[in-house]
Amino acid sequence: MRLFFMFVCLVFLIAAQCRFLSAFALSLARPCPGGQQRFTTSATNLFSSSSLNPTTTFSEHSEGKVRLEDLLHLPRHSNHSVNEILEETESLVKSMYQFSKQKDEKKSIEDAKEAGRLHEKVYANNYVDLGKVDTIGFDFDYTLVTYTEELLELIYDMALKRLVNDRQYPTEMLQVDGLRYDPHFSIRGLAVDTKTGWICHLSYTHKVAVAWEGREKVPTPRIYAEYRGKRGMTPSERKKRLKPLNDLFSMSECCLIADTIQFFKERDIPYHGQNVVTDVLSSIRETHISGDFHRLVARNPVRYFEPSPHLQEVVQKFKDAGKRLIFVSNSPFWYVDSGMRHLFGNEWRMDWDAIITSAGKPNFYTDDSRPFREICQETRRPLFRAVERFEKGRVYTGGCIQELTRLIDWTDKPNVNGLAARSVFGIKSGAVDVATANVLYIGDSLFADLVDAKREFSWTTAAVTPEVGYELEIQQRTDFTLAQRVVDLLLSALRKIQDEMGSSTRTEEDTETLDAVERLVSKWRDQETRVLGNPFGSVFRARYQPSLFAHSLRRYCDLYMPSVSSLRNYSPQHRFYPETHHRLLSHEIKNAPADCWDLDEVMECSA
């Protein structure tokens, strides 16, 4: 037993020193740049034990600050073998903690986010051969163009003013010390319970892993009481009560819902959660429809657009390879035109075989009765004549997939060498061609851009997920590695303790020991969340399970990447392969035959 633990200790210390990370396991989270605290509640500073030390704090129901030193002690048991496991585990945890203190690095969340932008790897959930893709479609918002956080602040402030001016919310919410957008609070992939106003992080089984009411964490007993002794709802209940917050635009509405509820709670103002959610969502929707923030962004793209120095290189590479390029965005043409001129120059339209604005996704995929209308380049208004075919350089609005298949030119396009990039299937009919995997569509919003494209038309889909780069940076940090390794070690100890306890009925001491170690596991997982810098933790993990966002990403997206610029590192004929352990069950991973092979011995036999 002692030899086993010495071996495990060596493995963990080497892993911590090398800061080894698994690219697809993704026990990850969302970047959080500096902000400011807005509420004066007697909040627990969840960042107090983290070396990241951002300025923003958020409150949660807690018995007080948790010091890492208090998480190093395991319970004891009267059974000698069980106690030996507990003592050895505690010794190893303490050794790892001391080792981590020597390796600790002072790196801000801002630095981690900036470093995350340098990640340019494309990850594969399924096999994808770009050589067989002859048509590539792009979304605009958060795909071709990436916005600075000032845009989310702008949307938040505009919606807040609508709440106060149009819906008679307290004017104090607009004062100097009033509400401000907090980039430290929200992450993508959350959902709001429209009945309670809770912001929920869902696991892949649709269970509520964590919920926040305003800026206060909802205690677990309240979650069970609200959902009838469970952490989840029936499918019909989910459809009625949960509003997904899946795209990056939704982070501002998530924050505004929580801040408004917290404002009422702190001032003892009676409120109904459902009314708050309805009003905030309406204000956000009106802000988008009005075009007010679009006009400000169009006038000052340098302020609101992140630099994208490699974007033209990616588009030109696909164009030179003979790929057909389609632009499909929900944004209006005048707004798109301003952004694309900034990114690609005044003649940007000539690079695209079809340009579709105000597409109305996801209805664009499911509605088969919407015709296209052409946009006049001079007046930027829709024309009234029927559209009989798409023409290069012209812009269209509305429409649907069925019309797209009828109007686009599906003949083979020559590549830069003058050779036709013919479909591997020899397909001539556009109606059939668009329903094959020959089309790759790249977007940021799972349910607006990608789900129906995959589900209804079997397109190859790629998601832009900028969170990947940031979370991989955090995953390499010493404090995150420590928490992750300790959790793994405690879970391993729990398994071995139960092996020693055998199959007989558990005694009261047995149960208390297991419960105590499980509480330590939970507290170390809280530490992972603290390091990640937001109250929900990883975008891809809902506590210890894959999040619903990660599940949807795996199910509906063949590829995902931090940015479109990531594609510049790959050939237009590159073949992507999924990870070896992708979709494997627990017994398949543990008993993988490759683990039993000595590669040195194999090489000797083949010599």
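## Helix H18 and its end

Helices (H or I, at least four residues) and strands (E, at least two) are taken here as DSSP runs, numbered from the N terminus, and the expected span of a helix is 1.5 Å times one less than its number of residues. In this predicted model, local features need pLDDT of at least 70 and side-chain atom pairs count only at pLDDT 80 or more, whereas totals for chains, interfaces and linings use all residues. Residues are numbered from 1 along each chain as its sequence is written, and side-chain values use heavy atoms, with hydrogens and water left out.

Helix H18, which covers residues 478-501, contains 24 residues, and the distance from its first C-alpha to its last is 34 Å, close to the expected 34 Å. Glycine 502 follows H18 and has a positive phi, near 80°.

## Salt bridges

With a salt bridge defined as a side-chain nitrogen of Lys or Arg within 4 Å of a carboxyl oxygen of Asp or Glu, the count comes to 39. One of these pairs lysine 265 with glutamate 216, their closest N and O atoms being 3.6 Å apart. Because lysine 265 belongs to helix H7 (residues 250-266) and glutamate 216 to strand S7 (residues 216-217), this contact ties together parts that are 49 residues apart in sequence.

Arginine 543 and aspartate 526 meet in another salt bridge, at 2.6 Å from N to O. Arginine 543 sits in the loop between strands S15 (541-542) and S16 (545-546), and aspartate 526 in helix H19 (residues 508-532), so the pair ties together parts that are 17 residues apart in sequence. Shared partners also join Glu213, Glu216, Arg222 and Lys265 into one network of salt bridges.

Within helix H14 (residues 401-407), arginine 406 and glutamate 403 lie three residues apart, about one turn of the helix, and they form a salt bridge whose closest N and O atoms are 2.9 Å apart. Burial is judged by relative accessible area (buried under 20%, exposed over 50%, partly exposed in between, with a 1.4 Å probe and protein chains only). Glutamate 403 is buried at 18%, whereas arginine 406 is partly exposed at 45%.

## Backbone exceptions in loops

Lysine 361 and proline 362 are joined by a cis peptide bond with omega of about 10°, and proline 362 lies in the loop between strand S10 (354-357) and helix H13 (363-366).

Aspartate 268, although not a glycine, has a positive phi of about 55°; this residue is in the loop between H7 and helix H8 (273-290) and is exposed, with a relative accessible area of 68%. Serine 458, also not a glycine, has a positive phi near 60°; serine 458 is located in the loop between helix H16 (446-457) and strand S14 (460-464) and, at 41% relative accessibility, counts as partly exposed.
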